[in-house]
Every structure is written in C-alpha cells, then in structure tokens.
Amino acid sequence: FFTSLFLTVLADQILLFLVPLVIFQITGNVAWSGLAFFFETLPRYLAFPVAGILCDRFPPVVLLRISRLLRAGACVIGITGQVVFGGVWWLIGLAAVVGVLTTQGMLALEMLLVRAFADQRFEKVASYGQLASQTGVMLGPLVAAYLMVFWPWEAVVVVATVLFVLADVAFAFWPGQERMETLPPARDRR
C-alpha cells in the first residue's frame, strides 16, 4: 500500500517539476514556464469539490486505480501530441489533466487510509503515509533533474508513466484491497 503511494507521488512530482522546465527549454521564455505552472496547478485546486463528490459516490479503490491509469494514459497522449504536432500546449494540457487526476487520487487515498487501517492507530498510519508521500515529493524533482541530464524529456515522461503503472501493480498486490472495493455504509443524517 505504502509502496504504491510512494510510486504515485514520485511520478506526480516528476511531472510537476518537469513540465515548466521543459517548456522553458522549448520556448526560452520564463513567462511561458510560469504560465505552464499556473495551468498545471490551478486545476488541482479547482477539482477538489468534484473529486470529493465522486469519493462519496464511488468506492475509493476504484477511483484510485482509475486515477493512476488515466494519468499514465494522459502521459502517453501528451507525449504523442507533442511529438506529432509540436507546441507547448500538449505539455500544459498533460500537466493540467494529471493535476486533476492527482486530486481525485489523493482524496480517494485519504478515504482508503481511514477505512483500510481502521484497526490500527491513526497516528501510526498517518505517519507511514506521510513518510511515503513526502519521500516522493522530495525525490521527484531530484529524479527528474537527474534523468534529464542523460535522457530527453520524453523519456522522463515515459519513466513517470511506468511509475504510475507500477504503483497500480503494487496496489493490486496489497491484500487489503478486496475489502475496500465497496462503499462505506451510509451514515444516518438526522
């Protein structure tokens, strides 16, 4: 479970760091890079209300898995669009779509943490979750910068895509997944 969390955050942070940097390399313009970061970040925050509603209506395991696989698909479409058609808007669109899906995945993951480890002390579970997440946040830009020294940016996006898929595979091996595929019982709202 925590390996899956780490791989997901690592891939997300690689993309979050990579897109503005690549746009700066392509355009040579800091304004375009700032605009890319804006369009990369804003959808993440705007998606919270819709993501919360979806988390209330659908099982969090399903939302989390769909979020990861759609992020991998968005990476493939973004790279393909950039290579075939050129321009920076493919990268900005890739970043925006991945940002929205990251928000959905993050909310679904938080719901899973509470339900999946209900028999454990929450402080301990939250601590492990934060350790996995913050390690991914810290290593993502470092990994992206290191890989860009040796590989073109398209290859680094492929690495992020592979990490999203590996995170989903790691999650599939988590034994607690079966009991999390249903919705929590509805609460009495008196």
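These legends describe close-up views of a predicted model.

**View 1. Helix α2 against helix α5.**
Helix α2 spans residues 30–46, and helix α5 spans residues 89–116. Their axes come within 7 Å. The crossing angle is roughly 25 degrees. Angles under 35 degrees count as roughly parallel, so α2 is roughly parallel to α5. The crossing of α2 past α5 is right-handed. From α2, the contact takes in Trp-32, Leu-35, Ala-36, Phe-39, Glu-40, Pro-43 and Arg-44. They meet a set of α5 residues that includes Trp-89, Ile-92, Ala-95 and Ala-96. Gly-99, Val-100, Thr-102 and Thr-103 of α5 also take part. By class, this contact of α2 with α5 has ten nonpolar, three polar and two charged residues.

**View 2. Helix α1 against helix α5.**
The axes of α1 and α5 come within 11 Å and cross at roughly 160 degrees. Angles over 145 degrees count as roughly antiparallel, so α1 is roughly antiparallel to α5. α1 passes α5 in a left-handed crossing. On the α1 side, the contact is made by Phe-2, Leu-5, Asp-12, Leu-15, Val-19, Val-22, Ile-23 and Ile-26. On the α5 side, Leu-91, Ile-92, Ala-95, Val-98, Thr-102, Leu-109 and Leu-113 make it. The contact of α1 with α5 divides into 13 nonpolar, one polar and one charged residues.

**View 3. Helix α4 against helix α5.**
How far apart are the axes of α4 and α5? They lie 8 Å apart, and the two helices pack at an angle of about 170 degrees. α4 and α5 are therefore roughly antiparallel to each other. The crossing of α4 past α5 is left-handed. In the contact of α4 with α5, 19 residues are nonpolar, seven are polar and two are charged.

**View 4. The largest nonpolar core.**
In soluble globular proteins, nonpolar side chains tend to be buried together. Here the largest nonpolar core has 30 residues. Leu-15, Leu-18 and Val-157 have the most contacts inside this core. Which elements give two or more residues to this core? They are α1 (2–27), α4 (60–85), α5, α6 (122–150) and α7 (153–172). The largest share comes from α1, with nine residues. Leaving aside neighbours within four places in sequence, Leu-18 is in contact with Met-148, Trp-153, Val-156 and Val-157. A second, separate core has 19 residues. Among them are Phe-1, Leu-5, Leu-64 and Ala-132.

Val-156 sits in helix α7. Is Val-156 buried or exposed? Val-156 counts as buried because its relative accessibility is 0%. Val-156 touches Ile-14, Leu-18, Ala-144, Leu-147 and Met-148, not counting residues up to four places away in sequence. Val-156 and Tyr-146 are ten residues apart in sequence. In space, their C-alpha atoms are 9.7 Å apart.

The cut-off for buried is under 20%. Leaving aside neighbours within four places in sequence, Val-159 is in contact with Leu-147 and Trp-151. Val-159 and Met-148 are eleven residues apart in sequence and 11 Å apart in space, C-alpha to C-alpha.

**View 5. Ala-170 and its surroundings.**
Helix α7 holds Ala-170. At 24% relative accessibility, Ala-170 counts as partly exposed. What does Ala-170 touch, not counting residues up to four places away in sequence? Ala-170 touches Thr-3 and Ser-4. Ala-170 and Leu-101 are 69 residues apart in sequence. From C-alpha to C-alpha, they are 19 Å apart in space.

**View 6. Ser-33 and its surroundings.**
Ser-33 is found in helix α2. Ser-33 counts as buried because its relative accessibility is 14%. Leaving aside neighbours within four places in sequence, Ser-33 is in contact with Pro-20, Leu-21, Ile-23 and Phe-24.

Key: Residues numbered from 1 in each chain as written. Predicted model: local features only at pLDDT ≥ 70, side-chain atom pairs only at ≥ 80, totals over all residues. Heavy atoms only, no water. Axes fitted to C-alpha atoms, helices over the stretch in contact; angles between N-to-C directions. Helix = DSSP H or I, 4+ residues; strand = E, 2+ residues; numbered from the N terminus. Parallel < 35°, antiparallel > 145°, perpendicular 65-115°, else oblique. Left-handed = near helix turned anticlockwise from the far one by under 90°. Contact = heavy atoms within 4.5 Å. Nonpolar A, V, L, I, M, F, W, Y, C, P; charged D, E, K, R; others polar. Core = buried A, V, L, I, M, F, W, Y, C linked by side-chain atoms within 4.5 Å. Buried < 20%, exposed > 50% of the residue type's maximum accessible area, 1.4 Å probe, protein only.
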